[in-house]
Amino acid sequence: MTFRLFVVLSLLFFFALPVADVLPEAGAFSIVQPKNGSSHPSNQDVSVVIDVETVTGVTKVRFYWYEEREDMLKAFVDEKLAGVVTDPPFGANLRPPQRATGLFRLLAVAEQENRQADDEDWAVFDEVRLLIQPHGSLEEIDFRTDKPLKFGRASAVKVYDQLDFLGKFIDLPVVGRYSDGTTRSIRSAASGTTYHVDDESVITINKDGRLRLVGNGATTVTVNNGGVERKLDVLVEVNTDPNQPPVADPGQTQTVYSGERVVLNGLKSYDPEGGSLKYSWSQVRGSRIALLDPDSEKARFFAPFVVEPRLFRFTLRVTDVQGADSDPAVVDIMVEP
């Protein structure tokens, strides 16, 4: 082989490589401060320190607040909740959302020169989970629902074109009114809320306010947060045909490489009665990606290019033909460079 031919072939091979393969190696991009799991009052700025280490070409960092397990594909992100920093060292003083209480995720996403802000092929980000303590004292607990809360013949209301039935789940809409004038959702246990049901043969309720119809009758739910208490009467008059809620199975944790096609497989989900299912996938960790077919048994996406191993988390919820929802199930996808 002549030297000239060798040079030509070498150049052809070089330019045939994917863009990711010819970029310089990069190091970690991380949120140094605040620490993951730390607690912060909602009326004070959170001091954020970013370490870009050897990641090159970072021009700005965008910050976003999300509630824990909030669907990133459907969440409305108020512009006031996202800050943009353009000057090194990319630190910021960020105020938590006014409505925040409980666990929130602070997501930092880097933008690099020569890449568009909405370029979803790259994901240079870090995130921390923070416990936000609401400003002001809790003055009153309320329920954003009819009182008493009625199901079945007592209400004669259809939900998603389905009558109420045994086994049905609902997320109890519990809110707190605070002395700073803000109304906040306090349904989750992370906000300090606890629940008690007088008669669990009628309904049960978990620590995050997920209520399930168990049998006909009347009972009372007592909600407590920081010594403030409120009661809600519940009346259930439904058809006694049993219906077990379906079970969501999003598959096993996967480790993939940047650029790979990833399949989220929910085919092992099932309805105990053998009925068909509706599927709903959502993303709850990592920088936002384009999720294809989120309402099918198999959702797909292309793993973004990352500069270091990064975790992406998804949840699957399935619904049976009667309208009963499963508990959301979680699957983690670890993306390697």
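What follows is a short chat about this predicted model.

Q: Let's start with the big picture: how many helices and strands are in the protein chain?

A: Counting the elements is a handy opening step. Here you'll find two helices and 24 strands.

Q: And what share of the 337 residues is buried?

A: Buried residues make up 43% of them. As for the accessible surface, that comes to about 17,700 Å², with 50% belonging to carbon and sulfur atoms.

Q: How do I read contacts along the sequence?

A: Check how far apart the partners sit in the chain. Of the contacts with a separation of 6 or more, 68% are between residues 24 or more positions apart.

Q: Can we try a single residue? Why does Ser 269 count as buried?

A: You compare its relative accessibility with a cut-off: buried means under 20%. Ser 269 has 8%, so it counts as buried. You'll find this serine in the loop between strand 20 (261-265) and strand 21 (277-285).

Q: Which backbone atoms lie by the polar side-chain atoms of Ser 269?

A: There are two to look at here. The backbone nitrogen of Asp 249 is 2.8 Å from a polar atom of the Ser 269 side chain, and the backbone oxygen of Gly 266 is 2.9 Å from one.

Q: How far is Ser 269 from Leu 316 in sequence and in space?

A: They're 47 residues apart in sequence, while their C-alpha atoms are 9.4 Å apart. Leu 316 is also among the residues in contact with Ser 269, as are Val 247 and Tyr 279.

Q: What about a charged residue: where is Asp 320, and is it buried or exposed?

A: Asp 320 is in strand 23 (residues 310-320). It is buried yet has no salt bridge. The nearest side chain of opposite charge is Lys 278, 9.3 Å away, whereas a salt bridge needs the charged atoms within 4 Å.

Q: Which side chain does the Asp 320 side chain make a polar contact with?

A: That's Asn 243, at 3.1 Å. Beyond its neighbours within four places in sequence, Asp 320 is in contact with several residues, including Gln 244, Pro 246 and Ser 276.

Q: Last one: how do strand 15 and strand 16 pair up?

A: Look at the bridges and the direction. Three bridges join these two strands, which run antiparallel. They form a hairpin with four residues between them, and Gly 209 in the turn has a positive phi of about 80 degrees. Strand 16 is also joined to strand 11 (residues 169-171) by three bridges, again antiparallel. Arg 212 shows both pairings: it's the bridge partner of Thr 204 and stands opposite Phe 169.

Methods: Residues numbered from 1 in each chain as written. Predicted model: local features only at pLDDT ≥ 70, side-chain atom pairs only at ≥ 80, totals over all residues. Heavy atoms only, no water. Buried < 20%, exposed > 50% of the residue type's maximum accessible area, 1.4 Å probe, protein only. Lys, Arg positive; Asp, Glu negative; His and termini not counted. Polar contact = N/O pair within 3.5 Å; in protein donor to acceptor, adjacent residues only side chain to side chain. Contact = heavy atoms within 4.5 Å. Areas by Shrake-Rupley, 256 points an atom, 1.4 Å probe, with all protein chains shown as cover. Pairing = 2+ DSSP bridges.
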